[in-house]
Amino acid sequence: MTNHNALISDATSSIGVAVRVPVSNQSLFSSGGGRSISIPRKMLVQKLEADPTINSWIEAMRASSPTRTRPGNISSLPESDEEEEDSSWISQHPSALTMFEQIAEASKGKQIVMFLDYDGTLSPIVENPDQAYMTPEMRDAVKGVARYFPTAIVTGRCQDKVRSFVKLPGLYYAGSHGMDIKGPSKKTKHNKNNRSVLFQAANEFLPMIEQVSKCLVEKMRDVEGASVENNKFCVSVHYRCVDQKDWGVVAEHVTSILSEYPKLRLTQGRKVIEIRPTIKWDKGKALEFLLESLGFANSDNVLPIYIGDDRTDEDAFKVLREKGQGFGILVSKVPKETSATYSLQEPSEVGEFLRRLVEWKQMSLRGR
């Protein structure tokens, strides 16, 4: 198979300078007899969107940030329909703040174990992922919860990076969607087995992830607003700041590289495409592993609470629902399909819920 380069030019210019896409005789492009061809950006976007695989990814990318706008309809929902949709969804997934007394009642006689996503849950979603800082108030809330309940941060981020954001040593950290887990180095009152927790599910994939990360960094240089984050056991391609008309270019770059790595797979998050090993491990598996490490495997005396905002958190919500144990809490301002039991609208409500949990525990201890 002969490889060629497509030079993608701006629609207003005849000079192809914006993006290079490797193409083959079997690809979307026809190269003629030369080694490279020049394609206006507008034409490239049209070709990419016509490809079923790329188009399906563009649709998934749009769906990753739900809005009030119906697909294929530029107008918003009528206000009455919005209210009806909100009311129906809230009745199925009521606010964890409104239902706090019921949650507290369900925890009586049981050990609460807290699982928290990071981005969009403890920190706001921001344009630059390296600046997703949690507030001091949120850090205090998490610290308070960890004083009374085993607490884990379960995130797609690199474990070391999220640890540097949270800055609380007494927590369990599960990075790379749970593929890189580490607990407090010292013994804690919450660890029944009194042993440190260290688990890495995909060490053999590290060289492959490093190669893919480097290729993606090079590919995305010419896509304005795109950024690549190496999270050790997975790679994240952020397109939050990419013009929507260029999402097809992002998808093509990612899928073309991944076609050379059959042991890796793609998953979708909130305006992020993630490349992960093809192993049966996710945030749900990480939740089960941590419960077992804490001595709560197959225990009826535990109440896991998992709070997250992302599609990848659904794996943990499903585990809790299938077990019929504990509660998943989705952080979202808009209705969307979820296996979570309850909802919160934004990180500020997460902080409020955590503080109420600490206050409830303190009152319970004083009453006792």
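A cavity here is a set of grid points where a 1.4 Å probe fits but cannot get out. The views below come from a predicted model, so keep that in mind as you look around.

**View 1. The whole chain, as a starting point.** Before zooming in, here is the overall layout. The protein chain has 11 helices and 15 strands. Of its 368 residues, 53% are buried. Take the contacts between residues at least 6 apart in sequence: 60% of them join residues at least 24 apart.

View 2. How many cavities of 30 Å³ or more does a search of the whole structure find? The search finds 1, and the volume of the largest cavity is about 360 Å³. Its lining is made up of 24 residues. If you want a place to start, look for Asp119, Ile125, His238, Arg270 and Val272, which lie nearest the centre of the largest cavity.

**View 3. What the lining of the largest cavity is made of.** Sorted by class, the lining has 12 charged residues, 7 polar and 5 nonpolar. Domain 1 (3-63 + 203-277) and domain 2 (93-192 + 282-366) each give at least three residues to this lining. Which elements give two or more residues to the lining of the largest cavity? They are β10 (235-238) and β12 (272-277).

**View 4. Helix α6 and its buried side.** Helix α6 spans residues 159-166, and its buried residues are Gln159, Val162, Phe165 and Val166. Why do these four share a side of α6? They cover an arc of only 125 degrees around the axis, and therefore sit on the same side of the helix. The general rule behind this is a friendly one: an α-helix has 3.6 residues a turn, so residues three or four places apart point the same way.

**View 5. Asn231 in its loop.** Asn231 sits in the loop between β9 (227-230) and β10. Is Asn231 buried or exposed? Its relative accessible area is 1%, and buried means under 20%, so Asn231 counts as buried. Leaving aside neighbours within four places in sequence, the contacts of Asn231 are Gly156, Arg157, Cys158, Ser176 and Ser236.

Conventions: Residues are numbered from 1 along each chain as its sequence is written. This is a predicted model: local features need pLDDT of at least 70, side-chain atom pairs count only at pLDDT 80 or more; totals for chains, interfaces and linings use all residues. Side-chain values use heavy atoms; hydrogens and water are left out. On a 1 Å grid over the protein atoms alone, a cavity is a set of points where a 1.4 Å probe fits but cannot get out, and a pocket is an open set with protein on both sides within 12 Å along at least five of seven lines; lining residues have an atom within 4 Å of a point. Grid points are joined across faces, edges and corners, and a volume is the space filled by probe spheres set on the points. Ala, Val, Leu, Ile, Met, Phe, Trp, Tyr, Cys and Pro count as nonpolar, Asp, Glu, Lys and Arg as charged, and the others, Gly among them, as polar. Domain bounds come from an automatic or database domain assignment. Buried means under 20% relative accessible area, exposed over 50%, partly exposed in between (1.4 Å probe, protein chains only). The arc is that of the directions from the helix axis to the C-beta atoms. Contact means heavy atoms within 4.5 Å.
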